[in-house]
Amino acid sequence: MEKKLEFYLEDTKETVSFYVLEETRINNINYLLVTESDEDDAEAYILKDLADAEDAQALYEIVEDDEELNLVGKIFAELLDEDVELQ
C-alpha cells in the first residue's frame with residue numbers, strides 16, 4: 001500500500017508529506033505506519049487518529065507511549081511480514 005499523504009501542522013503552519021506503508025484499526029482507533037522517505041532505511045513512525053467518528057477529517061498524532069507503540073508496532077510488523085524499527 002504505499003501512498004503519499006500531506007499533513008498540515010497547526011503549530012508550525014507547515015505541510016509535511018509521509019509515505020503510508022500500512023494502516024490498521026485497533027479498538028476503533030485508526031493507525032498509520034508512515035515514513036518521510038520511500039528509501040528502505042528511512043525512519044518509521046506510527047500515527048494515531050484522535051478524531052471523533054463524526055468528524056469530517058482525521059486528526060493524527062505520533063504515538064509516543066512505549067506500551068502502545070510496541071503493541072501497534074508488532075501488529076504492523078506482522079502485517080508487513082518483516083521487522084519494523086520505530087522511532
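Tutor: Happy to! Searching the whole structure, which is a predicted model, turns up 2 salt bridges. Let's take each in turn, and then look at the residues around them.

Glu68 belongs to helix α1 and Lys48 to strand β4, so the pair links distant parts of the chain, 20 residues apart. Both Glu68 and Lys48 are buried. As a general point, side chains of opposite charge can pair when their charged atoms come close.

Val63 is itself a member of the largest nonpolar core, which has 9 residues: Ile26, Tyr31, Leu33, Ala44, Ile46, Val63, Leu69, Val72 and Phe76. Three elements, β3 (29-35), β4 (44-49) and α1 (66-80), each give two or more residues to this core. The largest share, 3 residues, comes from α1. Apart from this core lies another, of 7 residues, and Phe7, Phe18, Leu32 and Val34 are among them.

Now for the other bridge. Here the side chains of Glu23 and Lys3 meet, at 3.8 Å from N to O. This pair also links distant parts of the chain: Lys3 sits in strand β1 (residues 3-9) and Glu23 in strand β2, 20 residues apart. Glu23 counts as partly exposed because its relative accessibility is 35%, which falls between the 20% and 50% limits. Lys3, at 41% relative accessibility, is likewise partly exposed.

Is Thr24 buried or exposed? Its relative accessible area is 18%, and the cut-off for buried is under 20%, so Thr24 is buried. Leaving out neighbours within four places in sequence, Thr24 is in contact with Ile29, Asn30, Tyr31, Ile75, Phe76 and Leu79. Two of these contacts, Tyr31 and Phe76, bring us back to the largest nonpolar core, where both are members.

Technical notes. Residues numbered from 1 in each chain as written. Predicted model: local features only at pLDDT ≥ 70, side-chain atom pairs only at ≥ 80, totals over all residues. Heavy atoms only, no water. Buried < 20%, exposed > 50% of the residue type's maximum accessible area, 1.4 Å probe, protein only. Contact = heavy atoms within 4.5 Å. Core = buried A, V, L, I, M, F, W, Y, C linked by side-chain atoms within 4.5 Å. Helix = DSSP H or I, 4+ residues; strand = E, 2+ residues; numbered from the N terminus. Salt bridge = Lys/Arg side-chain N within 4 Å of Asp/Glu carboxyl O.
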